[in-house]
Amino acid sequence: MEALEPKRDTLTIQRWRSETLQALAKIDGFQSEQQRQATIVSKDLWAALTYLLPELTTDGKPGWKRLHETVTSPAVQLATNMRFSTSCYRIIAHLPRSSSASPGHSNIIYHPDIQRYTILDVATQKVLRQDSVLKVAEDGRIGEHVMVLQPLLLRMQRDTHGGIALCKPTVAIKLDEPMAKRAKGVRALGALSSWFGGEQEPTRS
């Protein structure tokens, strides 16, 4: 439509595209093919998960069906709705390289990344917080990236190269050192200051 006369503005083109896609999605052949491909994805993903995590339970139900109902189908519906929207979205499934990372060390997670991502410790299955008691190396390193559990979702802005983050990526990591328990009281936190990468302050009388 951009090449046709009279010229259409960007929003008009996006609305036309949205209406066309919604009409196509109502065709029976589209819906059955979408469901067929989603089922294949669920079965393949379940096979990979059970290979890596054989202890997964299924509650007496074929595991791939539960995965299909709770993960794949909602993801397909979300992707479809994003296609229908007049806005443009980007899903970034890889982990953006940390500003603290040096070349060749893109899998390293640093303490400032806690603000950039939602970070899950694979050992404890707990989400890291700013006040989590972590062993921080001199360069800020806390562990290694294992996998992206939830990608970064951006809504792109018209006529610009930037985007608005709608959700932060969720990242599973393996900590270099196990997380320590959070102690109570300021004095106890001072005793554990080295776990935050700082020097222990002398005790005042």
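Q: Where does the charged end of Lys43 sit?
A: A charge sits over a ring if NZ of Lys or CZ of Arg is within 6 Å of the ring centre and within 35 degrees of the ring normal. Here the charged end of Lys43 lies over the ring of Trp64, 4.8 Å from its centre. This is a predicted model: local features need pLDDT of at least 70, side-chain atom pairs count only at pLDDT 80 or more, and totals for chains, interfaces and linings use all residues. Residues are numbered from 1 along each chain as its sequence is written, and side-chain values use heavy atoms, with hydrogens and water left out.

Q: How many aromatic pairs does a search of the whole structure find?
A: A pair of aromatic rings is described by the distance of the centres and the angle of the planes. Rings of Phe, Tyr and Trp (its six-membered ring) pair if their centres lie within 6.5 Å; planes under 30 degrees apart are stacked, over 60 edge-to-face, the rest tilted. The whole structure has 0 such pairs.

Q: Is Arg90 buried, partly exposed or exposed?
A: Buried means under 20% relative accessible area, exposed over 50%, partly exposed in between (1.4 Å probe, protein chains only). Arg90 has 43%, so Arg90 is partly exposed. Met147 has 45% and is partly exposed. Of the 205 residues of the protein, 24% count as buried.

Q: Which residues is Arg90 in contact with, leaving aside neighbours within four places in sequence?
A: Contact means heavy atoms within 4.5 Å. For Arg90, the partners are Leu152, Leu153, Leu154 and Met156. Arg90 and Leu154 are 64 residues apart in sequence, yet 5.1 Å apart in space, C-alpha to C-alpha.
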